[in-house]
Every structure is written in structure tokens, then in C-alpha cells.
Amino acid sequence: MLSLQLFSSNPKPTLLDYPLNPLSYPKCLKPPKPYPKSKPAPISSVLQWNRKPELAGETPRVVVITSGKGGVGKTTTTANVGLSLARLGFSVVAIDADVGLRNLDLLLGLENRVNYTVVEVLNGDCRLDQALVRDKRWSNFELLCISKPRSKLPIGFGGKALVWLVDALKAREEGSPDFILIDCPAGIDAGFITAITPANEAVLVTTPDITSLRDADRVTGLLECDGIRDIKMIVNRVRTDMIKGEDMMSVLDVQEMLGLALLGVIPEDSEVIRSTNRGYPLVLNKPPTLAGLAFEQAAWRLVEQDSMKAVMVEEEPKKRGFFSFFGG
């Protein structure tokens, strides 16, 4: 059988004729170069630390933080979002509008420095700048309390008085603050109506349980009736393990029920209780916790009037017992 020989009797050696050991290659041949490794995709930071967020809207932005139901994290949200805004370089005034049951000064560690309140300002006992308590850690963050603990407001105090207070903050000689955060009391009574009167925006804090969502839906309707259309929500105390086990509603379910833009999702974190008892806000912890990072992201979105998109958490398949093989 004849075969065609395409090469000469003494063909030149090729790279295939030598082993992979580079020491065995002759000088006339170079070892094969390894395939270039593909570069990993650059990881973009969620918080975008390489730039400062751009402040959207007219200043000062008056934001009320409310929920309707008590104990869902309004005051914790006010303290951590307010200090996050101050750390981003914006001037912030936080107003504790909970009459007789104020707690914002405790969470900020400023309870021993509150000497005057808004009631003394209205009575002419002190000036407004004397009632403002400046944080020593961040000088662009100030606290203003409506009244002292276990005290009652005068009969004439209402929404108009709070509007006058906000106008006075705008006309200060030091300049108008970038943000005025109002920590709203629980419920929908007169204290709630007073707190939402001067606000242009609202942050609704809720948890993924039926009772909180029911109150949040009611508060949303009241805010819209008062003319506040820019309403965003923060879902607090989220546990992914319970969502996977179908023991807690997901953030998508909450968003579908309320129909609001999502500002942030705060995971359940035991460090919240520790920071509350110490009077040291969560966003100042080093190293930062997951809940602290979530509050910082929510503050970033609040500055740029942005919102986030909820991601569905896959549910864990239910465990099948022995009798499942027989259709049980």
C-alpha cells in the first residue's frame, strides 16, 4: 500500500517532538508560552467610596421618619442615617418629636447635654442655638428635642409651631442645614400630625410582619392625604434564614403589599442592642457590621433620591420524610 509522504526524509523537529520540560528544549526552539490567564472582572464597590454622593433636590430637605407602629426602629434609623449623612459631609439637624418619651438623645449618647428644648425656645427662656446640641464626634450633626422627658406640651403647640421651628432653622446665621430629620412618635394621633406637617419627604420604617405592615399601609395613606408624595421605605430586622424557611415574608412581598420605593434593607443584628445601650450609633463601629453598612447605603440613596431593587431569596426545599416515597 502506497502512502504519500508530505515531509522530507529528515524533517525539522517541532515543539510536539519534545517533552513539556523546558530544560530539554534545544536552543533553536523556545518553549511554548502558557496561555494568558483571563483577568478577573473588577469589583465595583456598592458604597462607591471613590466619590461623594450628589445632593438632589432643594435644601434643606425636611424628612420625617415614621412607621405608625412602635418598636420597629424609627429612632435607630434616625440616629444611624443622620450620622451617616454627617459623615458624608452634609449638615444635619435631627429633631426628636416624641413628646415626653424621647429616646434619640440616648441612642446618640447626648442625654447629659440636653439642657434646653423647643418648649423653652417658644417660651422665650432661651435662644434656638442654645437648644441645639452639637455632636462632638461630627460637628455638622445637631440634635434638637421638643420637650423634656415626662413633660407635656402646651395646648397651643401643634403643626404650625413645628413649621415655625423649621423656618427658624432655615434662617439661621450659620446657614441652613442640608437635612432636617424628624423622628416621628408612634401612632397616628396629634403627635403624628404635628411631626409630619413641615415634612416634604417621608421614610417609612417597617418590619416583615403582618401587624407592622398593616400600620404602615395606614400611615402611607395619611402621608399622601397630607400632600407628601415622596415616600420610601426601610425594611428592618430582616432574617434570610427565616425567609428561606417560609417563616418570614420576603422584602419583595413587603414591597408588593405597600407599593413603595425601597430605600434600604436592614438585616437582624445583635450589635444594634449593644450600640443602643452604649449610646454609640451602629455606623460608627469599627469594623462595621452588616446592619451599619446597610444604614450607610440607605443614607447614600437618600442623598441622591435613589432607591434599590429587592432580590428574591430562594426558598429552601422542604425536608421529605420516609413515607414520602409512598406518596405521604
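User: How confident is the prediction, in terms of mean pLDDT?

Analyst: The mean pLDDT of the protein is 84, and 77% of its residues reach 70 or more. Where pLDDT is low, the predicted coordinates should not be read in detail.

User: What makes Glu201 and Arg61 a salt bridge?

Analyst: The cut-off is 4 Å between a side-chain nitrogen of Lys or Arg and a carboxyl oxygen of Asp or Glu. For Glu201 and Arg61 the N to O distance is 2.8 Å, within that 4 Å cut-off, so the pair counts as a salt bridge.

User: Where in the chain do these two partners, Glu201 and Arg61, lie?

Analyst: Glu201 is in strand β6 (residues 201-206) and Arg61 is in strand β1 (residues 61-66), 140 residues apart. Both Glu201 and Arg61 are buried.

User: Which helices are linked by the pair Glu296 and Arg87?

Analyst: Glu296 belongs to helix α11 (residues 290-303) and Arg87 to helix α1 (residues 74-87), 209 residues apart. Their side chains meet in a salt bridge at 2.8 Å, N to O.

User: Why is Glu296 called buried?

Analyst: Buried means under 20% relative accessible area. Glu296 has 11% relative accessibility, so Glu296 counts as buried.

User: And why does Arg87 count as partly exposed?

Analyst: Partly exposed lies in between buried, under 20%, and exposed, over 50%. Arg87 is at 34%, so Arg87 counts as partly exposed.

User: How do you know whether Asp135 is buried or exposed?

Analyst: With a relative accessible area of 2%, Asp135 is under the 20% cut-off and therefore buried. Its salt-bridge partner is Arg137, at 2.8 Å, N to O. Arg137 has a relative accessible area of 34%, so Arg137 is partly exposed. Elsewhere, salt bridges that share partners join Arg134, Glu142 and Arg172 into one network.

User: What makes Glu54 exposed?

Analyst: Exposed means over 50%, and Glu54 has 60% relative accessibility, so Glu54 counts as exposed. Glu54 sits in the segment before β1.

User: Which residues does Glu54 touch, not counting residues up to four places away in sequence?

Analyst: Glu54 touches Val303 and Glu304. The C-alpha atoms of Glu54 and Val303 are separated by 6.8 Å, although these residues are 249 residues apart along the chain.

Note on methods. Residues numbered from 1 in each chain as written. Predicted model: local features only at pLDDT ≥ 70, side-chain atom pairs only at ≥ 80, totals over all residues. Heavy atoms only, no water. pLDDT = per-residue confidence, 0-100. Helix = DSSP H or I, 4+ residues; strand = E, 2+ residues; numbered from the N terminus. Buried < 20%, exposed > 50% of the residue type's maximum accessible area, 1.4 Å probe, protein only. Contact = heavy atoms within 4.5 Å.
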